[in-house]
Amino acid sequence: MRWDGYRSPTWDELFDGDGHPREAAARLVDYFGSLTQRELAERQVAADVAARVMGTTFTVYSEGRNVDRTLPFDVIPRIIPQGEWARTEAGLQQRVRALNLFIGDIYGAQRIVEAGVFPRELLAESVNFRPQCVGIRPPLGVWAHVCGSDLVRDGDGTLYALEDNLRIPSGVSYMIQNRLVAKRVFPELFETTAILPVDDYPAQLYDTLAAMTPRPGDVPVIALLTPGIYNSAYFEHCYLAQSMGIELVEGSDLFVGDDDCCYMRTVGGPERVDVIYRRIDDLFLDPECFHPDSVLGVPGLMRAWRAGNVALANAPGAGVADDKVVFAFVPRMIRYYLGEEPILPNVPSYLCMDPDDRAYVLDHLEELVVKPANESGGYGMLIGPRSTAEERSEFAARIRANPRNYMAQPTLALSTAPIVTPDGPQPRHIDLRPFILSRSDVYVTTGGLTRVAMNEGSLVVNSSQGGGAKDTWVVVVEEGA
């Protein structure tokens, strides 16, 4: 494979601005350069076959149909030097500590509001604030046990936090499966390159869940609560439950007894459940508290949780911080709760609830990315430079009608990494989603899920919008190498 024609319009993860391989990527670049285009194409086909055999799928909801698709996987990995990753890891740990303190404060004394650091009106209009959680203190004071934070690199090489996913973050199974596929396709690279592992995540997640048990003297009974086979992340639910050796259950498999404990129906009779890793949204979790017609949740589950008889991860109400408008206040949270300066900068943000910011956004829609506060999966966004006049006019009307629900960010020159194409390696824009587990300490995956905008020029990396994925290698660079 020839690299001489490869050029990126922005910061590239493998090559510097002069076209030379970055230090951590030099061995990888040499290896891929030794392959013919045909050999590389064969490796890509082998990777695609392995992904299908392993059943690595996600579900797309389209035109009233549920379609299972294999996540597109590109065999050229993304490289991150260990030294850079150490700083990134520290920044993620700092963010999640502050976010957990914020959530606990919001459902407690609301000191940050009283201090004028966080706007009261922003909380009053939050669609993810759950009054049912006021006054509750979950085990270890942790609300968001699992977080997936999205990171992007700008054209000058700066790594930014783009958003924090604290409700039901998904994608970690693809990170693990991508590594398994890469090891099958390039075993020789793993023998000659010091690549930090990612396969300890299921064990780390199990330890995180087990630490929450209300019966610490016994082996905890842990279950993963799934909405069922039609959920877009059902593959991940099955994979994680099997990897951890815990039960995979639906709402109908559980019930809450008169003693306010949660039980699982088994062939041997009811068995008490200590910890539930729930992959169901708050509003469907318990028809006694939320949507009364929900058939996905468990009646009385919130009652059992409030009584301390069952632990829930993530805790109900954690989504109050999973809001793209609240995101803009994370640096202030870090300073307020931790007394520290943020290690990872936020992507600059304009809040449409602020009159000056709103005026700027409305005047510069063609330059900005506009996001609704609580959508996910790349839905409901306006990408200004690729929008039509009609789309901008529609978004301007939405912003004026509900300014609290919108924020905007500059269109960053997202970094790129090469993908395999019939015409040789071509640059595509990428982001990164590391996963962070909070317990008495904070664990961060080494790297994370690198998502790729497979279409040329596209900035949308979400799988539901046609994005793919790469394996992410945190590489130990040898002294003098």
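Colleague: How many residues lie between β17 and β18 in their hairpin?

Modeller: There are 6 residues between β17 and β18 in that hairpin, and Gly-424 in the turn has a positive phi of about 100°. Please keep in mind that this is a predicted model, in which local features need pLDDT of at least 70, side-chain atom pairs count only at pLDDT 80 or more, and totals for chains, interfaces and linings use all residues. Residues are numbered from 1 along each chain as its sequence is written, and side-chain values use heavy atoms, with hydrogens and water left out. Helices (H or I, at least four residues) and strands (E, at least two) are DSSP runs, numbered from the N terminus.

Colleague: OK, and how many bridges join β17 to β18?

Modeller: Strand β17 (residues 416-419) is joined to β18 by 4 bridges, and the two run antiparallel; strands pair if DSSP finds at least two bridges between them. Pro-418 has Pro-427 in β18 as its bridge partner.

Colleague: Which other strand does β18 run antiparallel to?

Modeller: Strand β21 (residues 449-452) is joined to β18 by 4 bridges, also antiparallel, and Ile-430 has Val-452 in β21 as its bridge partner. Of the 8 residues in β18 (residues 426-433), 7 are buried, where buried means under 20% relative accessible area, exposed over 50% and partly exposed in between, with a 1.4 Å probe and protein chains only.

Colleague: Switching to helices, at what angle do α12 and α13 pack?

Modeller: Helix α12 (residues 355-363) and helix α13 (residues 389-401) pack at about 170°, with axes 10 Å apart; axes are lines fitted to C-alpha atoms, for helices over the stretch in contact, and angles run from 0 to 180 degrees between N-to-C directions. The pair is therefore roughly antiparallel, a label for angles over 145 degrees, while under 35 is roughly parallel, 65 to 115 roughly perpendicular and the rest oblique.

Colleague: Which residues make the contact?

Modeller: On α12 they are Arg-358, Val-361 and Leu-362, and on α13 they are Ala-396, Ile-399 and Arg-400, with contact meaning heavy atoms within 4.5 Å.
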